[in-house]
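User: I'd like to go through this structure and check what the labels on it rest on. Can you take me through them?

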Amino acid sequence: MQAGDLALVNVPYGGRDVGQSMRPLGLSYLGAFVSRRGIKTQGFDFSDAGLSPSEIVARYLSGYPIVGLSFYNVNAKFAYQLATEIKLSNPQCIVIAGGPHVSAVHSSLLVEQQSIDIIVRSEGEETLAEVLNAVKNRVSLTGIRGITYRSRGQIVIEPDRERLQDLDDLPAPTFEFISPYEARPLFYFDRTIGVRKRAVALITSRSCPYSCSFCAIILIGRQWRKLSAAKVVSDLKDLEEFRGELYEHVYFLDANFFVSATRAVEIAEALHSYRPSLTFSFSTRVNQLIKGRRLISQLRHLGLRAVELGIESGNDNALRRFAKDTTVSQNKEALEILNENRIQLFLDFIMFDAEGTIEELNQNIEFIHQNKLDSYIPWDHLFSYMTPYVGTEIRRHYEQLKGYSFETDELPDPADLFENLDVKAVFKEFWRLRQYVPGLERALIRVEQRVRNASEWGLEAARDKLNAVTLRRLPFVVLKNLIAQSRSGGIVSFEQAVPKFVDDFENGHTLMDFLHWQEAHG
């Protein structure tokens, strides 16, 4: 194979995120792996590029004989359009698809999408390397485990490949991406010292031993596999050398980092020995945080600053529907552990789901309030709803509930799934607030900045303080008011649910008036 034979593409998601971002980590590991096997590979990140499929192909992909597309349920249609454009530009190009979505629908996808030639199912490293070697030597794909492909008009499904066991043998994700936009550095704001730290993302394990009904991770199996602590530090060193910079914080993006609390301590100690000032964060479940409670203080001392926690709900009925195998009581205990140890919470929550009731929705709001999360930012948890991704148990359950199958590449409108009409009404009215969120965020930043910069405590500073508190709690208050309207049997009205903003003369102003004034006066 010649230089530049393989392009690995992160497919656009359909909207530009104005905050910080990171390059696609899973694709980075894949690209580093096949590059180590001698395949000249170039990565492309179009995650929020804002380009059409034809523009992407014309500017970046037209010269590659093999293109690998990594995509999910949410951007599948764009990926299909991109594959079509690739074939129009170069009919001889081999298009390979990978990711959890294609792994779930691999057999039907090849029937419906003629522009895709091969599907790499589940974990892709060894499988893709074998496919590329077969293409290079012009030999049959027959016998390559873990692929689905088209041969002489027939769909061939090879047996599944065994999961990778020795993750320490994988290279560090030292892989570069070309992108239409400049990569925005990744940071973490360490509240304990008030400093923004240059951050990097790593994965130290694969899969999760649990089976939450909404999670597609179990498509790669429930067997949890891990890197050693020494390998984690080695990967960090390799990345620092590769990018020519030192990092101050590590985001561990494992699906479930804290399966073994003692291993977490081993990694923390290894990081601390490597650079004592390093801090880190990870994601886990509430029951595992509780199980490892006695080690949290030690982890805090070694640099733990934040935990992404799958709380998901404030009522036990929903937790059972979600197959979380946790309780509301455990959720509260886990939050107490974080508070006791002064560890920041990254909140995962599912406010709305198809089978929820108004009383359960009210319990969610009460849980948020009782645990002092009514001012929690960002506000995504308040707008969140159960999304039935392809391949998940919850999607199969919803299809049985509705009595029909969803379109393969469609994510159903949540409003169409709600069984309870009162919940549907609250959701639709609350969703009207979504369009104001960017303005709310900008206004909150400005108002809180004025509060911090106030030289003396006068009427204007007091008004700004009040408005800052109102802004922080506004989405929570709006949802709480909408639920209260529904529970009282009244009309569910967005306009009536939004609190007023006050001026120097104690006059109330609407949300729109307040945001317009903020934009005009900076």
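**Labels and their cut-offs**

Analyst: Helix 17 passes helix 19 in a right-handed crossing. That label is used when the near helix is turned clockwise from the far one by less than a right angle, and left-handed is the anticlockwise case. A word on the source: this is a predicted model, where local features need pLDDT of at least 70, side-chain atom pairs count only at pLDDT 80 or more, and totals for chains, interfaces and linings use all residues. Residues are numbered from 1 along each chain as its sequence is written, and side-chain values use heavy atoms, with hydrogens and water left out.

User: What makes these two stretches helices, and at what angle do helix 17 and helix 19 pack?

Analyst: Helices are DSSP runs of H or I with at least four residues, strands are E runs with at least two, and both are numbered from the N terminus. Helix 17 covers residues 421–431 and helix 19 covers residues 459–487; they pack at about 150°, with axes 10 Å apart. The axes are lines fitted to C-alpha atoms over the stretch in contact, and the angle runs from 0 to 180 degrees between N-to-C directions.

User: Which residues make the contact between helix 17 and helix 19?

Analyst: Helix 17 brings Asp 422, Val 426, Glu 429 and Phe 430, while helix 19 brings Pro 475, Val 478, Leu 479, Leu 482, Ile 483 and Ser 486. Contact here means heavy atoms within 4.5 Å. By class, that contact has seven nonpolar, one polar and two charged residues. Ala, Val, Leu, Ile, Met, Phe, Trp, Tyr, Cys and Pro count as nonpolar, Asp, Glu, Lys and Arg as charged, and the others, Gly among them, as polar.

User: How do you know that strand 6 and strand 7 pair, and how many bridges are there?

Analyst: Pairing takes at least two bridges found by DSSP. Strand 6 and strand 7 (residues 154–157) have four, in the antiparallel sense, so they pair. Ser 151 stands opposite Gln 154 in strand 7. Strand 5 (residues 118–120) also runs antiparallel to strand 6 (residues 147–151), with three bridges, and Val 120 has Ile 147 as its bridge partner.

User: Why is Arg 152 called exposed?

Analyst: Exposed means over 50% relative accessible area, buried means under 20%, and partly exposed lies in between (1.4 Å probe, protein chains only). Arg 152 comes out at 86%, so it counts as exposed. Arg 152 is in the turn of the hairpin formed by strand 6 and strand 7, with two residues between the strands. Arg 152 has a positive phi of about 55° although it is not a glycine. Most residues other than glycine have a negative phi.

User: Is Ser 207 buried or exposed?

Analyst: Buried, because its relative accessible area is 4%. Ser 207 lies in the loop between strand 11 (205–206) and strand 12 (225–226), and has a positive phi of about 70°.

User: What makes a set of residues a nonpolar core?

Analyst: The members must be buried Ala, Val, Leu, Ile, Met, Phe, Trp, Tyr or Cys residues, joined through side-chain atoms within 4.5 Å. The largest such core has 118 residues, and Phe 252, Leu 309, Phe 352 and Leu 433 have the most contacts inside it. Helix 19 gives the most to this core, with nine residues. A second, separate core of 31 residues includes Tyr 64, Phe 78, Ile 86 and Ile 116.
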